[in-house]
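Please look over the sequence and the model below before reading on. The report takes up the aromatic contacts and then the strands.

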Amino acid sequence: MVGVALHRGAARISRSNVCVSRYLERRLALPRGAVIYNPVPDKALASRGPTVGEDGLIAFAGRLVAEKGLHILLRALPRLPDARLEIAGDGPFRRSAEQLAGTLRVADRVRFRGALSFEGIAELYARASVVCVPSAWNEPFGYAAAEAMAMGRPVVATSKGALRELLGGGRGFLAGRPDPPALATALEAALEDPKSRREAGERAAKFADRELGLEVIGSRYEALYREAAG
């Protein structure tokens, strides 16, 4: 609580308080708030390929912790009998996730890849029909989704935190609720419609070019500093 009070006190005297999404700006309600998204690396923007990958392949990348919602995705998989899942990442939830896949009888359709390099993740995304971001908590930004969008990949996500903001406007597919049935419905809609996947990936890539590149973000911070200094 002391740390929160100190941050609040600093925010009151700051000339500008930057939030990484409009969702976070509304949640914090800081004075003199400004929204500047987190940047994605240039190599993500340069890693675009065809937006239609292997039929039925779902990709997940992230730290394996409960809040990232891998359990939601695994529980959605029995509702998608023709889908397969490849998981990039590691963390304390891995053993539980492996056990859950066995309990759900989907282990033969799930591959745990462990921690991958950026190049490994890019290769996985390029092969996947969709990238899934099944967050169980309110993402302040949603970096996993943003990076996939920068690569031009169609993303299916829960509507938690800033994910609705990133994927709105037809830039991805959103589950109405953060639960397995709703996520399965959104995944099914994406997997069964290559045209919609392609269009979502194209819109996502354009959004990333316009909003998420390093030069774009750098220029916005520079403009904010100049405004504050003036």
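Is Tyr37 buried or exposed? In this predicted model, Tyr37 is buried, with a relative accessible area of 4%.

## Aromatic pairs

A search of the whole structure finds 3 aromatic pairs. One of them joins Tyr37 and Phe141 in a tilted arrangement, with 6.0 Å from centre to centre and 45° between the planes. Because Tyr37 lies in the loop between β2 (33–35) and α3 (42–45), while Phe141 lies in the loop between β6 (130–133) and α7 (143–150), the pair ties together parts that are 104 residues apart in sequence. Phe141 is buried, with a relative accessible area of 4%.

Ring pairs extend to Phe207, linking Tyr37, Phe141 and Phe207 into a cluster.

## Strand β4 and its partners

Strand β4 (residues 84–88) is largely enclosed by the rest of the structure, because 4 of its 5 residues are buried. On one pairing, strand β3 (residues 57–61) runs parallel to β4 and is joined to it by 5 bridges, with Ile58 standing opposite Leu85 in β4. Strand β5 (residues 110–114) also pairs with β4 in the parallel sense, over 4 bridges, and here Glu86 stands opposite Arg111 in β5.

## Crossovers

Helix α4 (residues 70–76) makes a right-handed β-α-β unit together with β3 and β4. From β4 the chain then crosses through helix α5 (residues 94–103) to β5, and this β-α-β crossover is right-handed.

Key. Residues are numbered from 1 along each chain as its sequence is written. This is a predicted model: local features need pLDDT of at least 70, side-chain atom pairs count only at pLDDT 80 or more; totals for chains, interfaces and linings use all residues. Side-chain values use heavy atoms; hydrogens and water are left out. Rings of Phe, Tyr and Trp (its six-membered ring) pair if their centres lie within 6.5 Å; planes under 30 degrees apart count as stacked, over 60 as edge-to-face and the rest as tilted. Helices (H or I, at least four residues) and strands (E, at least two) are DSSP runs, numbered from the N terminus. Buried means under 20% relative accessible area, exposed over 50%, partly exposed in between (1.4 Å probe, protein chains only). Two strands pair if DSSP finds at least two bridges between them. A crossover is right-handed if, with the strands pointing away from the viewer, the path from the first strand over the helix to the second runs clockwise.
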